[in-house]
Amino acid sequence: MAGTSARKKPDLAAKGAATKRTLPPEVRKAQLLAAARAVLASTGFSQMRVSDVVAAAGLSQGAFYLHFSSKDDIVIELIRAMVAEAVATLGTIPVESADMETGVRQVLEGYYRTCFAYRDVLDNIDSGTSTGIDRDRWNDVFAPLNVFALRAVATWQAKGEIGPGDPDLLSWLLIDTINGALPRLFGHSRNRMSADYQDRVGDWLLAALRGFKSGI
(Lines give C-alpha, C1' and ligand atoms only; values in the text may rest on other atoms or scores of the structure.)
Protein backbone atom coordinates (compact mmCIF):
# COMPACT_ATOMS: atom_id res chain seq x y z
CA MET A 1 0.00 0.00 0.00
CA ALA A 2 1.30 3.45 -0.88
CA GLY A 3 2.82 5.37 2.01
CA THR A 4 3.45 2.24 4.01
CA SER A 5 7.06 1.13 4.46
CA ALA A 6 7.89 -2.40 3.34
CA ARG A 7 8.14 -4.97 6.09
CA LYS A 8 11.74 -5.97 6.72
CA LYS A 9 12.48 -9.68 6.46
CA PRO A 10 14.14 -11.22 9.54
CA ASP A 11 17.88 -11.75 9.28
CA LEU A 12 18.09 -15.47 9.96
CA ALA A 13 21.88 -15.49 10.11
CA ALA A 14 21.89 -12.74 12.70
CA LYS A 15 19.18 -14.55 14.64
CA GLY A 16 21.24 -17.75 14.64
CA ALA A 17 24.33 -15.88 15.78
CA ALA A 18 22.37 -14.25 18.57
CA THR A 19 21.04 -17.62 19.64
CA LYS A 20 24.57 -19.00 19.85
CA ARG A 21 25.71 -16.01 21.88
CA THR A 22 22.84 -16.42 24.32
CA LEU A 23 23.31 -20.14 24.92
CA PRO A 24 24.09 -20.83 28.58
CA PRO A 25 27.78 -21.70 29.19
CA GLU A 26 26.92 -25.22 30.35
CA VAL A 27 25.07 -25.88 27.09
CA ARG A 28 28.01 -24.74 24.98
CA LYS A 29 30.36 -26.84 27.08
CA ALA A 30 28.14 -29.88 26.57
CA GLN A 31 28.10 -29.20 22.81
CA LEU A 32 31.89 -29.05 22.75
CA LEU A 33 32.22 -32.28 24.73
CA ALA A 34 29.81 -34.12 22.43
CA ALA A 35 31.61 -32.77 19.35
CA ALA A 36 35.03 -33.69 20.75
CA ARG A 37 33.83 -37.20 21.45
CA ALA A 38 32.64 -37.59 17.87
CA VAL A 39 35.86 -36.16 16.42
CA LEU A 40 37.99 -38.29 18.73
CA ALA A 41 36.19 -41.44 17.61
CA SER A 42 36.72 -40.62 13.93
CA THR A 43 40.29 -39.28 13.98
CA GLY A 44 41.98 -40.49 17.16
CA PHE A 45 43.70 -38.24 19.67
CA SER A 46 46.83 -37.43 17.68
CA GLN A 47 44.85 -36.17 14.67
CA MET A 48 42.15 -34.36 16.61
CA ARG A 49 42.33 -30.56 16.26
CA VAL A 50 40.55 -27.82 18.14
CA SER A 51 39.34 -26.44 14.81
CA ASP A 52 37.66 -29.79 14.05
CA VAL A 53 35.91 -29.78 17.41
CA VAL A 54 34.50 -26.27 17.11
CA ALA A 55 33.40 -26.93 13.53
CA ALA A 56 31.54 -30.06 14.64
CA ALA A 57 29.95 -28.14 17.52
CA GLY A 58 29.02 -25.18 15.32
CA LEU A 59 30.78 -22.80 17.71
CA SER A 60 33.75 -20.46 17.52
CA GLN A 61 37.26 -21.12 18.75
CA GLY A 62 36.64 -18.34 21.23
CA ALA A 63 33.80 -20.38 22.73
CA PHE A 64 36.15 -23.37 22.99
CA TYR A 65 38.82 -21.42 24.87
CA LEU A 66 36.26 -20.09 27.33
CA HIS A 67 35.96 -23.65 28.64
CA PHE A 68 39.17 -25.45 27.70
CA SER A 69 42.78 -24.43 27.14
CA SER A 70 43.65 -27.31 24.80
CA LYS A 71 42.44 -30.60 23.39
CA ASP A 72 44.14 -32.26 26.38
CA ASP A 73 41.66 -30.50 28.68
CA ILE A 74 38.63 -31.69 26.76
CA VAL A 75 39.82 -35.32 26.77
CA ILE A 76 40.49 -35.10 30.51
CA GLU A 77 36.95 -33.78 30.94
CA LEU A 78 35.51 -36.72 29.00
CA ILE A 79 37.36 -39.19 31.22
CA ARG A 80 36.31 -37.25 34.31
CA ALA A 81 32.69 -37.71 33.22
CA MET A 82 33.27 -41.45 32.77
CA VAL A 83 34.85 -41.76 36.22
CA ALA A 84 31.96 -39.83 37.79
CA GLU A 85 29.46 -42.24 36.23
CA ALA A 86 31.52 -45.24 37.34
CA VAL A 87 31.80 -43.97 40.91
CA ALA A 88 28.04 -43.35 41.02
CA THR A 89 27.47 -46.95 39.91
CA LEU A 90 30.02 -48.37 42.35
CA GLY A 91 28.43 -46.37 45.13
CA THR A 92 25.33 -48.56 44.85
CA ILE A 93 27.33 -51.73 45.58
CA PRO A 94 26.87 -52.83 49.23
CA VAL A 95 30.58 -53.41 49.87
CA GLU A 96 30.17 -53.39 53.66
CA SER A 97 27.49 -56.09 53.66
CA ALA A 98 28.82 -58.28 50.84
CA ASP A 99 31.69 -60.75 51.01
CA MET A 100 34.81 -59.82 49.05
CA GLU A 101 34.19 -62.17 46.13
CA THR A 102 30.67 -60.84 45.59
CA GLY A 103 31.94 -57.27 45.96
CA VAL A 104 34.82 -57.70 43.50
CA ARG A 105 32.61 -59.25 40.85
CA GLN A 106 29.99 -56.54 41.25
CA VAL A 107 32.70 -53.88 41.00
CA LEU A 108 33.99 -55.40 37.76
CA GLU A 109 30.51 -55.65 36.25
CA GLY A 110 29.56 -52.07 37.17
CA TYR A 111 32.85 -50.47 36.21
CA TYR A 112 33.23 -52.31 32.92
CA ARG A 113 29.66 -51.52 31.96
CA THR A 114 30.49 -47.82 32.29
CA CYS A 115 33.74 -48.27 30.37
CA PHE A 116 31.90 -49.92 27.48
CA ALA A 117 29.62 -46.89 27.31
CA TYR A 118 32.79 -44.79 26.82
CA ARG A 119 34.60 -47.27 24.63
CA ASP A 120 34.75 -44.79 21.74
CA VAL A 121 36.79 -42.48 23.97
CA LEU A 122 38.96 -45.12 25.65
CA ASP A 123 39.87 -46.84 22.39
CA ASN A 124 41.29 -43.59 21.07
CA ILE A 125 43.34 -42.39 24.03
CA ASP A 126 44.83 -45.66 25.28
CA SER A 127 44.38 -44.63 28.93
CA GLY A 128 46.63 -41.64 28.42
CA THR A 129 49.75 -43.50 27.37
CA SER A 130 49.60 -42.31 23.75
CA THR A 131 48.40 -38.77 24.42
CA GLY A 132 51.40 -37.21 26.13
CA ILE A 133 49.10 -35.84 28.84
CA ASP A 134 50.89 -35.52 32.16
CA ARG A 135 50.53 -38.64 34.32
CA ASP A 136 49.65 -36.57 37.40
CA ARG A 137 46.58 -35.29 35.57
CA TRP A 138 45.41 -38.84 34.91
CA ASN A 139 45.99 -39.76 38.57
CA ASP A 140 43.89 -36.77 39.60
CA VAL A 141 41.05 -37.80 37.29
CA PHE A 142 41.01 -41.35 38.67
CA ALA A 143 41.37 -40.26 42.32
CA PRO A 144 37.62 -40.79 43.09
CA LEU A 145 38.03 -44.44 42.06
CA ASN A 146 40.95 -44.77 44.46
CA VAL A 147 38.78 -43.37 47.27
CA PHE A 148 36.22 -46.08 46.58
CA ALA A 149 38.93 -48.76 46.37
CA LEU A 150 40.40 -47.67 49.71
CA ARG A 151 36.99 -48.01 51.36
CA ALA A 152 36.49 -51.46 49.84
CA VAL A 153 39.96 -52.65 50.85
CA ALA A 154 39.53 -51.36 54.43
CA THR A 155 36.20 -53.19 54.66
CA TRP A 156 37.64 -56.48 53.41
CA GLN A 157 40.67 -56.17 55.69
CA ALA A 158 38.40 -55.56 58.69
CA LYS A 159 36.55 -58.78 57.80
CA GLY A 160 39.83 -60.67 57.55
CA GLU A 161 39.41 -61.41 53.85
CA ILE A 162 42.66 -59.60 52.93
CA GLY A 163 45.99 -59.73 54.75
CA PRO A 164 47.34 -56.72 56.68
CA GLY A 165 48.94 -55.04 53.67
CA ASP A 166 49.29 -51.35 52.91
CA PRO A 167 45.74 -50.16 52.00
CA ASP A 168 47.07 -47.63 49.49
CA LEU A 169 49.07 -50.30 47.68
CA LEU A 170 46.18 -52.71 47.71
CA SER A 171 43.75 -50.11 46.38
CA TRP A 172 46.09 -49.34 43.48
CA LEU A 173 46.42 -53.09 42.85
CA LEU A 174 42.63 -53.21 42.57
CA ILE A 175 42.31 -50.20 40.26
CA ASP A 176 45.38 -50.91 38.11
CA THR A 177 44.36 -54.53 37.55
CA ILE A 178 40.83 -53.55 36.54
CA ASN A 179 42.02 -50.81 34.18
CA GLY A 180 44.94 -52.87 32.86
CA ALA A 181 42.57 -55.59 31.72
CA LEU A 182 40.41 -53.20 29.69
CA PRO A 183 42.26 -53.41 26.33
CA ARG A 184 42.10 -57.21 26.32
CA LEU A 185 38.49 -57.14 27.51
CA PHE A 186 37.61 -54.86 24.60
CA GLY A 187 39.47 -57.19 22.28
CA HIS A 188 37.36 -60.14 23.39
CA SER A 189 34.12 -58.48 22.41
CA ARG A 190 33.20 -55.90 19.80
CA ASN A 191 29.93 -54.67 21.24
CA ARG A 192 29.48 -56.11 24.72
CA MET A 193 31.44 -57.37 27.66
CA SER A 194 32.90 -60.85 27.60
CA ALA A 195 31.53 -62.53 30.73
CA ASP A 196 34.17 -65.26 30.50
CA TYR A 197 37.10 -62.85 30.40
CA GLN A 198 35.54 -60.66 33.09
CA ASP A 199 35.29 -63.74 35.33
CA ARG A 200 38.97 -64.51 34.70
CA VAL A 201 39.94 -60.97 35.73
CA GLY A 202 37.88 -61.44 38.88
CA ASP A 203 39.57 -64.77 39.65
CA TRP A 204 43.04 -63.28 39.25
CA LEU A 205 42.20 -60.22 41.32
CA LEU A 206 40.70 -62.26 44.16
CA ALA A 207 43.75 -64.53 44.23
CA ALA A 208 46.08 -61.53 44.31
CA LEU A 209 44.17 -59.81 47.12
CA ARG A 210 43.81 -62.96 49.22
CA GLY A 211 47.44 -63.91 48.74
CA PHE A 212 48.84 -60.51 49.57
CA LYS A 213 51.06 -60.52 52.63
CA SER A 214 52.63 -57.56 54.38
CA GLY A 215 56.21 -56.96 53.29
CA ILE A 216 55.95 -58.73 49.92
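A residue is taken as buried when its relative accessible area is under 20%. By that criterion, 41% of the 216 residues of the protein chain are buried in this predicted model. The secondary structure consists of 12 helices and 0 strands, so that the pattern read along the sequence is α-α-α-α-α-α-α-α-α-α-α-α.

In soluble globular proteins, nonpolar side chains tend to be buried together. Here, the largest nonpolar core holds 63 residues, and Ile74 and Tyr111 are the members that touch the most others. Helix α5 supplies the largest share of this core, with 9 residues. Tyr111 itself is in contact with Met82, Ala86, Leu90, Phe142, Leu145, Ile178 and Asn179, once residues up to four places away in sequence are set aside.

Two packed helices are described by the angle between their axes and the distance between the axes. For helix α5 (residues 71–90) and helix α9 (residues 143–158), the angle is about 20° and the axes are 9 Å apart. Because angles under 35 degrees count as roughly parallel, α5 is roughly parallel to α9. The crossing of these two helices, α5 and α9, is left-handed. On the α5 side the contact is made by Val83, Ala86, Val87 and Leu90, which meet Pro144, Leu145 and Phe148 of α9. Sorted by class, the contact of α5 with α9 comprises 7 nonpolar residues, with no polar and no charged ones.

The second pair joins α5 to helix α6 (residues 100–117), with an angle of about 150° and axes 9 Å apart. As angles over 145 degrees count as roughly antiparallel, α5 and α6 are therefore roughly antiparallel to each other. The crossing of α5 and α6 is right-handed. From α5, the residues Met82, Glu85, Ala86, Thr89 and Leu90 meet Val107, Gly110, Tyr111, Arg113, Thr114 and Cys115 of α6. The contact of α5 with α6 divides into 6 nonpolar, 3 polar and 2 charged residues.

Which residues does Asp73 contact beyond its neighbours within four places in sequence? Asp73, which is found in helix α5, is in contact with Phe68 and Arg137. With a relative accessible area of 17%, Asp73 is buried, because the value falls under the 20% cut-off.

Arg210, by comparison, is found in helix α12 (residues 195–211). Its relative accessibility is 43%, and Arg210 therefore counts as partly exposed. Apart from residues up to four places away in sequence, Arg210 touches Met100, Glu101 and Glu161. How far apart in space are Arg210 and Ile162, C-alpha to C-alpha? The distance between Arg210 and Ile162 is 5.1 Å, although the two residues are 48 residues apart in sequence.

Technical notes: Residues are numbered from 1 along each chain as its sequence is written. This is a predicted model: local features need pLDDT of at least 70, side-chain atom pairs count only at pLDDT 80 or more; totals for chains, interfaces and linings use all residues. Side-chain values use heavy atoms; hydrogens and water are left out. Axes are lines fitted to C-alpha atoms, for helices over the stretch in contact, and angles run from 0 to 180 degrees between N-to-C directions. Helices (H or I, at least four residues) and strands (E, at least two) are DSSP runs, numbered from the N terminus. Angles under 35 degrees count as roughly parallel, over 145 as roughly antiparallel, 65 to 115 as roughly perpendicular and the rest as oblique. A crossing is left-handed if the near helix is turned anticlockwise from the far one by less than a right angle, and right-handed if clockwise. Contact means heavy atoms within 4.5 Å. Ala, Val, Leu, Ile, Met, Phe, Trp, Tyr, Cys and Pro count as nonpolar, Asp, Glu, Lys and Arg as charged, and the others, Gly among them, as polar. A nonpolar core is a set of buried Ala, Val, Leu, Ile, Met, Phe, Trp, Tyr and Cys residues joined through side-chain atoms within 4.5 Å. Buried means under 20% relative accessible area, exposed over 50%, partly exposed in between (1.4 Å probe, protein chains only).
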